Amino acid sequence: MGDYAAGIVTLLAVNCIAAMGVSLFTGFTGIFTLGHAGYMAIGAYTSAILIIKCGVPWFLAIIAGGFVAMFFAYLIGLPTLKLVGDYYTIASLGLGEAIRLVIENWNSVTRGARGYPGIPRYTTMPVAVVFLVLLAIGMFFIINSNYGRAFKACRDDYVAASLLGFHTSRYRVLSLAISGFYCGVSGALLAGFMSFIQPVMFDMAKSTELVSIVVFGGLGSMSGCLIGTAILTLVIELFRSISQYRMLIYGLVLVMVMVIRPEGIMGANELNSKTVRHMLSRAKVVARDTVARFALIGFIIGLPLSYCFQPSPVSAISLTEYLRYIPSLLFGSIKSGAPLHSSVAPGAASAVLIVCAISAFLTGIAGYIIKQLKKIDDTHAAQRGM
Amino acid sequence: MSSHLELKRVNKSFGGIQAVRDMSFSIPKGEIAGLIGPNGAGKTTIFNLITGVYDVTSGDIEYEGRNINRLKTYQVVALGVARTFQNLRLFAASSVLENVMTAAQYHHKYSFFEAVSHLGRWSKTERIIRDESMELLHRVGLADRADQSAGTLPYGLQRRLEIARALSLKPDLLLLDEPAAGMNAEEVATLNDLIVKIHEDFKLTILLIEHHMDMIMQICHRVVCMNFGAMIASGSPEDIQDHPEVLKAYLGEEE
């Protein structure tokens with residue numbers, strides 16, 4: 001795997017960890033937050049300072065970053081989560097900015113707005129992936145335990161929850177502390193990935209991005225938040241070649257989900273065989289209605305296929321380069337000096353043609369398969385006497 | 001028999017509105033008591049006062065001789081009080097089983113680290129919680145719908161689910177807020193049987209709010225009737241039935 005791809009995977013893992021934290025708090029405990037980038041900043045700076053000033057091993061520094069962020073989250077949660085309602089959300093608006101501004105102005109420790117350079121690059125792809133896997137397992141385990149049920153109970157109906165013996169505000173604070181830990185670890189990993197951190201990296205926009213990822217993936221679905229992070233991170237990264245327009249596509253993707261699936265990609269379901277079957281059957285209905293969506297599916301499958309069957313001049317470039325090149329082709333804005341093979345252009349043009357041809361072909365096949373699946377479904381329904 | 005729950009001159013006002021006025025009654029241990037009264041009489045407010053959702057303005061609520069005026073909801077639960085709600089408060093998106101498990105876990109705890117790692121007591125405790133919940137679902141006749149999401153159940157079954165959820169807290173005192181609301185006569189009859197049965201099997205004291213008078217007459221040992229926040233009569237169901245004040249409250253006064 002190339003450096004570029006490894007970088008994307010690392011960044012993806014880092015984002016996933018932060019998104020899981022926000023998902024627990026917003027999706028499972030039901031409190032919106034607009035300041036979680038602040039906890040990432042705390043984690044990042046803690047880890048950076050510990051490594052550079054105190055010579056702490058990076059592994060311990062990451063964990064410490066998580067725990068310091070968790071501690072701050074706990075302190076902030078105590079007064080703001082006592083009450084039910086949007087108090088924390090309003091407070092978090094200011095808190096995220098307050099944490100950033102403290103870091104920006106505390107020159108002696110954080111070196112202020114110029115940023116904190118010279119952090120060793122300890123976040124390699126394996127490190128990030130191992131952290132992601134461990135933290136994801138932990139998160140799924142929490143959700144499938146009495147704590148997960150308690151969080152959901154507090155979210156769905158706090159009066160009922162408190163009359164089932166839950167000290168609801170304590171669970172809200174616990175949820176915030178755990179999510180602070182995840183964001184702290186994520187920030188620490190980000191510091192080791194970038195090797196340079198700056199307060200502006202953890203601004204309001206980052207906080208909003210975290211929430212939008214979670215809403216995009218589906219509130220109350222941990223696998224949804226991972227899928228959402230993957231899609232949105234890839235949208236940003238793949239379209240880097242059309243830098244000024246990529247946020248347009250980012251917005252477009254968000255709007256599309258809002259229109260097509262307002263409950264988020266996964267809704268409140270986790271990714272398991274039952275949901276996949278359900279989603280497939282839903283997708284069948286949706287797809288049957290719109291031919292355009294067939295074309296979309298065809299395009300997604302056709303893209304890698306067109307790469308495999310591309311005319312000879314293009315075969316010299318790697319898959320990632322090819323993927324990065326497709327958007328600039330479609331949107332007609334090729335960045336000068338893009339690191340692409342010079343002989344790409346004629347090949348790529350024909351590649352797009354192939355993509356379209358294949359999508360049309362796949363549209364037919366997909367339609368046929370869906371028809372068959374529908375038949376099977378109907379038979380089952382008839383057998384069940386429905 | 002000693003009194004299980006006793007209200008002594010309890011008052012509750014919301015701003016200028018006095019919702020409960022000088023309510024005093026007591027329920028002996030092991031009885032089924034009914035709380036009746038026209039709509040807006042303050043019955044549910046009494047429940048909210050007992051369970052700590054509201055604080056009393058003045059007066060005392062005693063549970064087994066202990067003053068529980070200032071206790072928070074979850075502390076009242078710890079004493080052994082469970083309740084259902086008039087306007088159902090199920091976790092609608094969760095499955096039927098999960099609804100009961102959420103409550104059943106109250107008596108089966110494990111540490112946070114066992115939850116994160118799924119080691120130690122986790123698997124055993126989760127199994128116990130699940131088994132207990134399933135048993136309760138069997139009891140209320142919802143076992144075959146365990147995986148359905150609670151919000152999609154018919155109304156009558158949702159009420160039964162609320163009872164199962166409350167029972168999983170292993171209470172001594174069960175407060176039922178209009179368990180038969182919206183049910184037809186047949187459903188009410190089976191609910192009657194259920195309530196009588198759980199009353200015996202779990203050795204419960206039950207206080208229930210109800211508008212179905214035949215239900216009150218059949219299963220209650222004593223009845224408290226209130227109107228406009230104040231008690232107007234109390235006694236055996238037979239006494240209440242013919243009480244002039246009660247008739248007045250329900251039927252209006254003769255000109």
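Predicted model: local features only at pLDDT ≥ 70, side-chain atom pairs only at ≥ 80, totals over all residues.
**View 1. Helices α1(A) and α10(A) cross at roughly 70°.** The axes of helix α1 (residues 3-28) of chain A and helix α10 (residues 204-217) of chain A come within 9 Å. The crossing of α1(A) past α10(A) is right-handed. From α1(A), the contact takes A:Ala18, A:Ala19, A:Val22, A:Ser23, A:Thr26 and A:Gly27. From α10(A) come A:Leu210, A:Val211, A:Ile213 and A:Val214. By class, this contact has 7 nonpolar and 3 polar residues, with no charged residues.

**View 2. Helices α2(A) and α3(A) pack at an angle of about 140°.** Helix α2 covers residues 36-54 of chain A and helix α3 covers residues 58-80. Their axes are 8 Å apart. The angle makes α2(A) oblique to α3(A), because roughly antiparallel is kept for angles over 145 degrees. Here too the crossing is right-handed, with α2(A) passing α3(A). On α2(A), the contact is made by A:Tyr39, A:Ile42, A:Gly43, A:Ala44, A:Thr46, A:Ser47, A:Leu50 and A:Ile51. On α3(A), the partners are A:Trp58, A:Ala61, A:Ile62, A:Ala64, A:Gly65, A:Gly66, A:Val68, A:Ala69, A:Phe72 and A:Ala73. The class count for α2(A) with α3(A) is 13 nonpolar, 5 polar and no charged residues.

**View 3. A:Ile260 is exposed in helix α12 of chain A.** The helix covers residues 243-260. A:Ile260 has 11 other C-beta atoms within 10 Å. That count makes A:Ile260 exposed, since the class takes residues with 12 or fewer. A:Gln244 is 16 residues from A:Ile260 along the chain. The C-alpha atoms of A:Ile260 and A:Gln244 are separated by 26 Å.

**View 4. Chain A has 16 helices and 0 strands.** This view takes in the whole chain. Of its 386 residues, 44% are buried. Among contacts in chain A with a separation of 6 or more, 79% are accounted for by residues 24 or more positions apart.

**View 5. Chain B touches chain A through 25 residues.** On the chain A side, 20 residues take part in the contact. Three elements of chain B each give two or more residues: α2 (73-79), α3 (96-104) and α4 (112-117). By class, the side of chain B that touches chain A has 15 nonpolar, 7 polar and 3 charged residues.

**View 6. Chain B has 10 helices and 10 strands.** The C-alpha trace of chain B spans about 70 × 40 × 35 Å along its principal axes. The radius of gyration of chain B is 19 Å. For 255 residues, a compact globule would have a value near 18 Å, which agrees with that of chain B. Buried residues make up 42% of chain B. Of the contacts in chain B between residues at least 6 apart in sequence, 66% join residues at least 24 apart.

**View 7. Helix α1(B) is largely enclosed by the rest of the structure.** This helix runs over residues 43-50 of chain B. In α1(B), 7 of the 8 residues are buried, so the helix is largely enclosed. The buried residues are B:Lys43, B:Thr45, B:Ile46, B:Phe47, B:Asn48, B:Leu49 and B:Ile50. B:Gly52 follows α1(B). Phi of B:Gly52 is positive, near 85°.

**View 8. B:Arg9 has a positive phi, near 45°.** This is a positive value in a residue other than glycine. B:Arg9 lies in strand β1 (residues 3-14) of chain B. With 12 other C-beta atoms within 10 Å, B:Arg9 is exposed.

**View 9. B:Lys170 has a positive phi, near 50°.** Again the residue is other than glycine. B:Lys170 sits in a loop of chain B, between α6 (155-167) and β7 (173-177). B:Lys170 has 15 other C-beta atoms within 10 Å and is therefore partly exposed.

Technical notes:
Residues numbered from 1 in each chain as written. Chains lettered and ligands numbered in written order. Axes fitted to C-alpha atoms, helices over the stretch in contact; angles between N-to-C directions. Helix = DSSP H or I, 4+ residues; strand = E, 2+ residues; numbered from the N terminus. Parallel < 35°, antiparallel > 145°, perpendicular 65-115°, else oblique. Left-handed = near helix turned anticlockwise from the far one by under 90°. Contact = placed C-beta atoms within 7 Å. Nonpolar A, V, L, I, M, F, W, Y, C, P; charged D, E, K, R; others polar. Buried ≥ 20, exposed ≤ 12 C-beta atoms within 10 Å, placed from the backbone. Rg over C-alpha atoms; globule rule 2.2 N^0.38 Å.
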